[in-house]
Amino acid sequence: MTWVGDNSTLIWEQLREHLFLSLLPMLLGLLISVPLGYVATRYSWLANPLVALGGVLYSLPSIALFIVLPAIIGTKVLSAANIIIALTIYAVSLLIRNVIDGLRSVPEDVLQAAVSVGYGTLRRVVTIDLPIAVPVIFAGLRVVTVANISMVSVGAIIGIGGLGELFTLGFQQDFLTPIVVGVVLSLALALLADVLLVGLQRLLTPWARVNTPKEA
């Protein structure tokens, strides 16, 4: 506890960096996956290749991707952009299947009803398709968020890893406390993020909260 008190500033800085590096790629991945998923539902022949490509990209080792990206995109080795871009690639790889499945889950009669009352494509997608697809999309989003929080720590290998740098510090000093603090905070972040996403999903889908009658 003495070490925690003496290094509270360091812990807070690494925690903020960890949040930024894990949540920004999640948001970017969602923004990229939704239009890609919509295109794949409009042109069904694209769906399988996109899902297969996502599977291939997600199978790439994160350490290798963090190291190779600077040579590909021309960034500095110690740039946070490498982590953000790599985790965005992983996020899109995971989310694309959920977005496609979610948009495909919209009943055909609902789509026809929307068209018959004069809904344009953009209005229908935003007000009908996406809300119905929210549970499926959020299932993938929860996995992506927890995975990102976990993988950010790997970035400590190249000097940018949020709480992962506490692991490095602990190993270098042969001191367990920073490692324990990093593990506990990472787990707490993952749990908190998951709870918040579940709450947001419930907020976005009020029709799904069906009150079941109590048994006498």
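Setting aside neighbours within four places in sequence, Leu21 is in contact (heavy atoms within 4.5 Å) with Ala80, Ile83, Ile84, Leu87, Val152, Ile160 and Gly162. The model is a predicted one, in which local features need pLDDT of at least 70 and side-chain atom pairs count only at pLDDT 80 or more, while totals for chains, interfaces and linings use all residues. Residues are numbered from 1 along each chain as its sequence is written, and side-chain values use heavy atoms, with hydrogens and water left out.

Leu21 also features in the largest nonpolar core, a set of 14 residues in which Leu21, Phe66, Ile83 and Leu87 touch the most other members. Such a core consists of buried Ala, Val, Leu, Ile, Met, Phe, Trp, Tyr and Cys residues joined through side-chain atoms within 4.5 Å; buried means under 20% relative accessible area, exposed over 50%, and partly exposed in between (1.4 Å probe, protein chains only). Two or more residues each come from helices H4 (62–73), H5 (80–104) and H7 (121–152), helices being DSSP runs of H or I with at least four residues, numbered from the N terminus. H5 gives the largest share, 5 residues. A second, separate core of 11 residues includes Ile149, Leu169, Val181 and Ala190.

Now to the loop between H7 and helix H8 (164–173), where Ile160 is found. Ile160 counts as buried because its relative accessibility is 7%. Beyond its neighbours within four places in sequence, the contacts of Ile160 include Glu17, Leu21, Leu78, Ser79 and Ile83. Ile160 and Ile83 are 77 residues apart along the chain, and their C-alpha atoms are separated by 7.9 Å.
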